[in-house]
There are 2 protein chains.
Amino acid sequence: MSPTTRESRGPRMIDVARLAGVSHQSVSRVVNGSGGVSPDIRDRVERAVAQLRYRRHPAARALATNRTFSIGVVSFGLAQYGPSEALAGIAREAQEAGYSTSLTSLLDVDVDSMAAAVGHLVDDSVDGIIVLAPVDAALTAMAGVEVHVPLVLFYPGAHAHEQRVVTDEVQGAELATTHLLDLGHPTVHHISGPAGWLGTSARVAGWRRALEARGIHPPAIVEGDWTAAGGAACAAQLATRTEVSAVFAANDQMALGAIKTLNDAGRKVPDDVSVVGFDDIPGSEYFRPPLTTVRFDFAEAGRRAAHHIFELIAGGRPGPAGPVLPELIVRGSARHHPLTVIEQTDEQRRNP
Amino acid sequence: MSPTTRESRGPRMIDVARLAGVSHQSVSRVVNGSGGVSPDIRDRVERAVAQLRYRRHPAARALATNRTFSIGVVSFGLAQYGPSEALAGIAREAQEAGYSTSLTSLLDVDVDSMAAAVGHLVDDSVDGIIVLAPVDAALTAMAGVEVHVPLVLFYPGAHAHEQRVVTDEVQGAELATTHLLDLGHPTVHHISGPAGWLGTSARVAGWRRALEARGIHPPAIVEGDWTAAGGAACAAQLATRTEVSAVFAANDQMALGAIKTLNDAGRKVPDDVSVVGFDDIPGSEYFRPPLTTVRFDFAEAGRRAAHHIFELIAGGRPGPAGPVLPELIVRGSARHHPLTVIEQTDEQRRNP
DNA sequence: CAGAGAGGTACCACGATATTG
DNA sequence: ACAATATCGTGGTACCTCTCT
């Protein structure tokens, strides 16, 4: 009948030790699997642990080891498809490795917020940090902040780097653009993401590269904001110009909005204008027309980021994680150019 | 030139105390704002804190106070729109309250996985737990698990409860169904979510209630799986029956799939059959036709859940959190019944 | 005298409480 | 009475020592 002391707190290691008739140190060895314990003692300890339902105290452990077995994630735009998938991948990988995942979400992506978020995580003594905020500010903020903790950045570009998990979105954009070019379109117009996002520049770069590879001068970019409404507004600028026959939108949401605007303006997709999106969001297959788009396995990217962090934490010097590669998903929103005869080897035979 | 000891670890409270010429206890008072400190000492301490860039050590603090200032979130289906929004809301509210958010994502929703996830969080000594897994298994698992920690469940039903944050989805479904009924449709068919989800039963209940309020016997339910593909498959069963004129899909993804199937089958939406969705996912305004649907502020629900947890942690006995209410978003996918004359006060005048 | 297994002791960085000035 | 300080408790791990083959 002890008083309120130890109220609702579980048994301690020393309790287990007493019950098993060993030192608390032996209990520690068994619990942590450090080895060097005789089968007899191990058995007694395990029995006692089970009987008392002993669980080790993470704070005490963290205090003694100076490790928390948790990683921090700085995220922005969780509502977006890519980031939320990636987060799920991270959490999953972390769980399997015995780490917990601490989430910090950003309200703004200016350098100050970024630094504050990272500082927050550092204050929480996380063992590693994953920055899931693919914006320019993240890069500059990270350059300025000194962090004594392994840190990995999601980077939607082409350049591998020890501190980055790369989704090769320039290649993805190139795939999309080349696909349209292969369909005979003389050029491809681009509805880009908003400035300040790494994905925006990467996709612009890929689009431009594909064009220039064929000696085509890239037309002016129309800048959207990732939303369907933004895509619709952008497309309004394109819809009046009868020479535009192919549009590459930097994400599926904008593609969706663009398609609506184009159709409403009498420029039928895909008959008059072809549209290719980016992301392969759920449901894009059921758009009208079904959206031709570029898919990335963001969950896989998340898993790689977590895995990479663990290697860093373990003190390894892993090479840059391999880039996550895009896949072109051909559906119905892009067809050959109306005035172009194309060889019959193409894949566009859906509506004979 | 101390050896590798204290390597990469910041200053301790005692270091601050020494620099300020006070006891470590006074530093503690200042840092925690406990009061009872003379202005002089406070000032010296704050100066020393700033100079050394002192940050308190959360593990030590947790050990001494038996509180971690972190909450755990058990989540399932993060890829879904609702949960990911809610998670962002939770994280935000937690941050503002000085709590960190620890994420555990579920692979399966059977009772064992649920119990394991909660156990995991309890092992991490979180101060409170939010279960963001609106499935039946969560309810039964929670009933079986004994947790000595404040716990709040997301509950997409109608019943308020001290341990629940309610999104009144039965009212949402009722709104959708009644809207269709008001448009003159003799009955409303339902494409439901998969069994095992609380949201599924809630939406079925609301749909049924609306029907029965008018003395209509609910027709057979077609069960989907939340995906557009599932919705498309379900709609295939409905498309052949010319008497079905109104469909309420349990989420927007399924509505999207259903619309495609119906249109492909020659049953034009909204001319021949009306469709209403649920969730108001991004882009649903740009579907063809723009989707009439039901919106919930899931981020707000997340914030309420976090807020509620904090009150529980503080030892209060807050009443049940108020339910998050639905809003009907009328767009173009539902029209009056083709054979019904409706008063011209209705809102369906988009395409004159 | 090794080497392996077991135990003792010193922290880890802080908050709470009693005690002192 | 009030501000400031000593002392102890928090649950573990790291490292060293000791014993026993």
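**Rings and helices: a quick tour**

Okay, let's start in chain A: Tyr81(A), Phe248(A), Phe278(A), Phe296(A) and Phe298(A) come together as one aromatic cluster. Before I go on, keep in mind that what you're looking at is a predicted model.

Staying with rings for a moment: counting over all chains, the structure holds 16 aromatic pairs. Let me show you one of them, over in chain B. The ring centres of Phe296(B) and Phe298(B) are 6.0 Å apart and their planes sit at 40°, so we call this pair tilted. And are these two buried or exposed? Phe296(B) has a relative accessible area of 3%, so buried. Phe298(B) comes in at 9% relative accessibility, and that counts as buried too, because the cut-off is under 20%.

In chain B, Arg67(B) lies over the face of Phe69(B), 4.5 Å from the ring centre. Then there's Arg164(B), whose charged end sits over the ring of Tyr155(B), at 4.1 Å from its centre.

Now, on to the helices. In chain B, helix 1 covers residues 13–20 and helix 2 covers residues 24–32. At what angle do they pack? It's about 105°, with the axes 8 Å apart. That's why we describe helix 1 and helix 2 of chain B as roughly perpendicular to each other.

So who's touching whom? From helix 1 of chain B you've got Met13(B), Ile14(B), Val16(B) and Ala17(B), and they meet His24(B), Val27(B) and Ser28(B) in helix 2 of chain B. Sort the residues of that contact by type and you get five nonpolar, two polar and no charged.

Methods. Residues numbered from 1 in each chain as written. Chains lettered and ligands numbered in written order. Predicted model: local features only at pLDDT ≥ 70, side-chain atom pairs only at ≥ 80, totals over all residues. Heavy atoms only, no water. Axes fitted to C-alpha atoms, helices over the stretch in contact; angles between N-to-C directions. Helix = DSSP H or I, 4+ residues; strand = E, 2+ residues; numbered from the N terminus. Parallel < 35°, antiparallel > 145°, perpendicular 65-115°, else oblique. Contact = heavy atoms within 4.5 Å. Nonpolar A, V, L, I, M, F, W, Y, C, P; charged D, E, K, R; others polar. Phe/Tyr/Trp six-rings, centres within 6.5 Å; stacked < 30°, edge-to-face > 60°. Buried < 20%, exposed > 50% of the residue type's maximum accessible area, 1.4 Å probe, protein only. Lys NZ or Arg CZ within 6 Å of the ring centre and 35° of its normal.
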